[in-house]
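Visitor: I would like a close look at one part of this model. Please take the charged side chains and how they pair.

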Amino acid sequence: MKRSQPVPDFSKKEKIIIGTIDGDGIGPVIMDSCREVLGKLLADEIAAGKIELRKINGLTIENRIAKMETVPAEVLAEIKECDLLLKGPTTTPGKGDNLPNIESANVTLRRELDLFANVRPVVIPEKNIDWIFYRENTEGEYALGSRGVDIDEDISIDFKVTTTIGTTRLARAAFEYAKNNGNKNVSIVTKANIMKKTDGKFLSLCYDVAKDYPEIKTDDWYVDIMAANLVNDQINSNFNVFILPNLYGDIITDEAAQLQGGVGTAGSANIGGRYAMFEAIHGSAPRMMEEGIGHYANPASISRAAVMMLRHIGFTQQAAVLERALDQAAEALDMPGDGTGNTAAEFTAFVMERI
Ligand code: NAD
């Protein structure tokens, strides 16, 4: 963490390598769509050698289990040669899956690439909602997630971690965003009344950072009431920027995405110094695959992540074109993910026509 590198100046880079990773389950379906769209949108930059879309294979649950590595070493080496990643969802075996206890690939990638901030926008214009969530991405309950201890058959303990650098750099990124976007309100979300050490530290470090931004209204909330606030139409449009520890951020952002139209509709960015990784916020949807309806997966979420990626590297015009096409697709198409409505191929054709 102490050796973390600054964000590169992409305008000065001769070539930007975007690694694309399929992942598991519906991952290949949505990633094929996204690659096709980006191939058209960035055709000039690709032809000029400014951008390379590089497909990286091997980040599949089968390969990870065969190697018994969360992210196989040769895959990680390929990933580290890229500047950015656009990643499909990867399966993490859970209890009852009858698979080896292998850690989440995302947790490993976030740690290996030092992707400390998970940024998730949620916009619902008809309700005047314009939220952006800054979720801590490498610590909390996830830092030692697969290293809990069964004390005996009746007692199990997991661990939760908060560090000064981890929290401070996340809070700084959130306040900078708030300042650069019209001094939006910042709300810190914890359970510091119960988790006094870790959440208590997180809360007080966020307020330390807030002192450098006196023009921004900062408040704090417990995660349980914030879960209620988000569905309270009397007050939910008052919130703008949220700062959350890892686990609460995971849960609250899925709730927020559902309000926007479902987890298939939201993208997310994992921002670090040297690297950044962009992905859908949903998982690999194994049930859709088991039911044979994987081709109905909505590529909107990964495509929204691609919009965030284009903005991150300063391709704002292309980002706007894609965003407009996605807004039109959201209006015109029906993709509930239950095997009815439009397919991923229909979505792709719709977007390709409009970019
Ligand atoms: P999930 O997000 O994969 O799917 C839940 C349900 O949401 C699906 O059954 C489907 O009805 C709907 N859905 C999800 N994505 C959709 C899309 N693009 N289009 C239409 N409908 C969609 O949640 P889960 O079943 O809890 O997780 C499955 C696996 O994914 C687990 O192994 C989990 O660990 C993993 N996961 C990975 C990531 C990631 O790689 N970033 C994130 C979350 C979960």
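Guide: Arg-311 is partly exposed, at 38% relative accessible area. The term covers values between buried (under 20%) and exposed (over 50%), with a 1.4 Å probe and protein chains only. Glu-323 is also partly exposed, at 28%. This is a predicted model, so local features need pLDDT of at least 70 and side-chain atom pairs pLDDT 80 or more, while totals for chains, interfaces and linings use all residues. Residues are numbered from 1 along each chain as its sequence is written, and side-chain values use heavy atoms, without hydrogens or water.

Arg-311 and Glu-323 form a salt bridge, 2.8 Å from N to O. Arg-311 belongs to helix H11 (residues 300-312) and Glu-323 to helix H12 (residues 316-332), so the pair ties together parts twelve residues apart in sequence. Elsewhere, shared partners join Lys-15, Glu-52, Arg-54 and Glu-81 into one salt-bridge network. A salt bridge here puts a side-chain nitrogen of Lys or Arg within 4 Å of a carboxyl oxygen of Asp or Glu. Helices (H or I, at least four residues) and strands (E, at least two) are DSSP runs, numbered from the N terminus.

Now look inside that network. Arg-54 pairs with Glu-81, with 3.4 Å between the closest N and O atoms. Arg-54 sits in strand S2 (residues 51-56), and Glu-81 in the loop between helix H4 (73-80) and strand S3 (84-87); this pair links distant parts of the chain, 27 residues apart. Arg-54 is partly exposed, at 22%. Another salt bridge joins Lys-217 and Asp-219, at 3.5 Å from N to O. The whole structure holds 29 salt bridges.

Asp-150, Asp-152, Glu-153, Asp-154 and Asp-158 form a surface patch of negative charge. Patch members have over 30% relative accessible area and no salt bridge; like charges are joined within 9 Å, nonpolar side chains (Val, Leu, Ile, Met, Phe, Trp, Tyr) within 5 Å. Glu-153 lies in the loop between strand S6 (149-152) and strand S7 (155-157). Glu-153 is exposed, at 79%.

Finally, the setting. The chain has 13 helices and twelve strands. Of its 355 residues, 51% are buried. The C-alpha trace spans about 50 × 50 × 45 Å along its principal axes. Its radius of gyration is 20 Å, which agrees with the value near 20 Å for a compact globule of 355 residues. That radius is taken over C-alpha atoms, and the globule rule is 2.2 Å times the number of residues to the power 0.38.

How values were computed:
Areas by Shrake-Rupley, 256 points an atom, 1.4 Å probe, with all protein chains shown as cover. Lys, Arg positive; Asp, Glu negative; His and termini not counted. Charge placed at Lys NZ, Arg CZ, Asp CG, Glu CD.
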